[in-house]
Amino acid sequence: MKKGKKMLWPLTLFVLLVFALAACTKEQPSLNEKAQAAPVQQAASAKPVQQEEKKITKDIKIALISEFTSGTHAAQYITGVTKAAKKTGVQLSVSDSNNDQSKMAAYLDTAINQNVDGIMIDHGRAETLEPGVKRAIAKGIPVIATDVELNVEGVTTIDQDDYMLALQGLKQMMQDINGKGNIVYAFVGGFAPMEKRDSIYKIMMNRYPDVKQIATFGSATDNTSLDTQNKMASVLKQYPNKGDIAAVWAPWDEFAKGVTRAIKEAGRDEIKVYGVDLSDEDLQMMQAKNSPWKASAAVNPASVGEKQVDLLLKKISGQEIPRYYSFDPVLVKQTDLPGQTINMDQLSQYVEEWDKKE
């Protein structure tokens, strides 16, 4: 470690605490704890029907039901899905729910009624999706989900290891600010990935008692980045002096883009930004002169999309696939990047682990 003082707590103890919390943390927040209990029990006891094995041909139809496709990270995930489907020649339909849970459930019902050969789900709420997913499994339609925890037997869940994503970024932030100072936290609840990242944030805040959260905000909207920028601008007005804010923890790249723009416009480049997720646009912002965006922990979103299609087609063809699949995230630091602007396809030239597909 090149920067920062050595902190308290042995690393081994900390890691044990992280995994202990990970084991007991709720994967998906509920709007009503009592209402959620019954569906979970039903899901656990539901038995998928025997799926008919199929040969992968151009007649195979698969559907992607996405909570949203806005933002550059989501767009690159869609690119990965589309690329993998095109490579194998299968027919792909993509439904964008635009952050509307009822639309997402309706699109799922439509895919089931159309008797597609397989369904992919991206984000969403478990309580909204589980009834439809159970119907799909009962009809022998395999389901592969990413970034939503569905307690339905027969469903494979892909994630980016959100606990490790948060740990990597927060660890770097705490080291860079020497474990002390005021920070701002951008957060929105109701999404399984964000809830997982938040659980690690709470651990890290307990570990570093000299770090104080002075503001928090966040929402998922049609223009999350701009809304975040406006909220961060208001916070900067409340804390106008250099030194008032040491860093911002923004565990979603749409948040990180917004706070970075606000900080740049206010001329407060001394504030450091740490995020989660990466895209071409994010890299360019990190590489900009005097950029406050210092690091972001991420998994290649295109790789996630490609893997989801790969697992679904294996399931359709009768192959055994795992119940859970987690990617290994990578911490990309501003200091890793070259002077010239690069895109995601070039990132592996500077960050060796970036292009790992498994």
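Helix α6 is largely enclosed by the rest of the structure, because 13 of its 15 residues are buried (buried means under 20% relative accessible area, exposed over 50% and partly exposed in between, with a 1.4 Å probe and protein chains only). Helices (H or I, at least four residues) and strands (E, at least two) are DSSP runs, numbered from the N terminus. This is a predicted model, in which local features need pLDDT of at least 70 and side-chain atom pairs count only at pLDDT 80 or more, while totals for chains, interfaces and linings use all residues. Residues are numbered from 1 along each chain as its sequence is written, and side-chain values use heavy atoms, leaving out hydrogens and water.

**The chain overall**

- The chain holds 11 helices and 12 strands.
- Of the 358 residues in the chain, 52% are buried.
- Taking contacts (heavy atoms within 4.5 Å) between residues at least 6 apart in sequence, 74% join residues at least 24 apart.

**Helix α6 and its partner α7**

- Helix α6 covers residues 162–176, and its 15 residues should span 21 Å at 1.5 Å a residue; the end C-alpha atoms are 21 Å apart, which agrees. The expected span is 1.5 Å times one less than the number of residues.
- The axes of α6 and helix α7 (residues 192–207) come within 8 Å and cross at roughly 40°. Axes here are lines fitted to C-alpha atoms, for helices over the stretch in contact, and angles run from 0 to 180 degrees between N-to-C directions.
- α6 and α7 are therefore oblique to each other (angles under 35 degrees count as roughly parallel, over 145 as roughly antiparallel, 65 to 115 as roughly perpendicular and the rest as oblique).
- Their crossing is right-handed; that label applies if the near helix is turned clockwise from the far one by less than a right angle, and left-handed if anticlockwise.
- On the α6 side, the contact is made by D162, Y163, L165, A166, L167, L170, K171 and M174. These meet P193, K196, R197, S199, I200, Y201, M204 and M205 in α7.
- By class, the α6 and α7 contact has 11 nonpolar residues, one polar and four charged. Ala, Val, Leu, Ile, Met, Phe, Trp, Tyr, Cys and Pro count as nonpolar, Asp, Glu, Lys and Arg as charged, and the others, Gly among them, as polar.

**The α8 and α9 pair**

- Helix α8 (residues 224–238) packs against helix α9 (residues 253–265) at an angle of about 45°, with the axes 7 Å apart. That makes α8 oblique to α9.
- α8 passes α9 in a right-handed crossing.
- From α8, the residues T224, S225, T228, Q229, M232, A233 and L236 take part. Their partners in α9 are E254, F255, K257, G258, V259, R261, A262, I263 and E265.
- Seven nonpolar, five polar and four charged residues form this contact of α8 with α9.
- Q229, which lies in α8, counts as buried at 11% relative accessibility. Leaving aside residues up to four places away in sequence, Q229 touches G258, R261, A262 and E265.

**Helix α11**

- The 16 residues of α11 (residues 301–316) should span 22 Å at 1.5 Å a residue, and the end C-alpha atoms are 23 Å apart, which agrees.
- α11 is mostly covered, with 12 of its 16 residues buried; among them are P301, V304, K307, Q308 and I316.
- The buried residues of α11 pack against β1 (61–66), α3 (72–88), β3 (118–122), β4 (143–146), β5 (156–159) and β11 (324–326).

- A136 sits in helix α5 (residues 126–138) and is buried, with a relative accessible area of 0%. Not counting residues up to four places away in sequence, A136 touches I112, I119, I141 and V143.
- Q287 belongs to helix α10 (residues 280–287) and is buried at a relative accessible area of 16%. The C-alpha atoms of Q287 and Q334 are separated by 6.8 Å, although these residues are 47 residues apart along the chain.
- Beyond residues up to four places away in sequence, Q287 touches L337, P338, Q340, T341 and I342.

**Backbone points to check by eye**

- Most residues other than glycine have a negative phi.
- H123, not a glycine, has a positive phi of about 65°. H123 is found in the loop between β3 and α5 and is buried, with a relative accessible area of 14%.
- N178, which follows α6, has a positive phi near 60°.
- N290, in the loop between α10 and β10 (293–298), also has a positive phi, near 60°.
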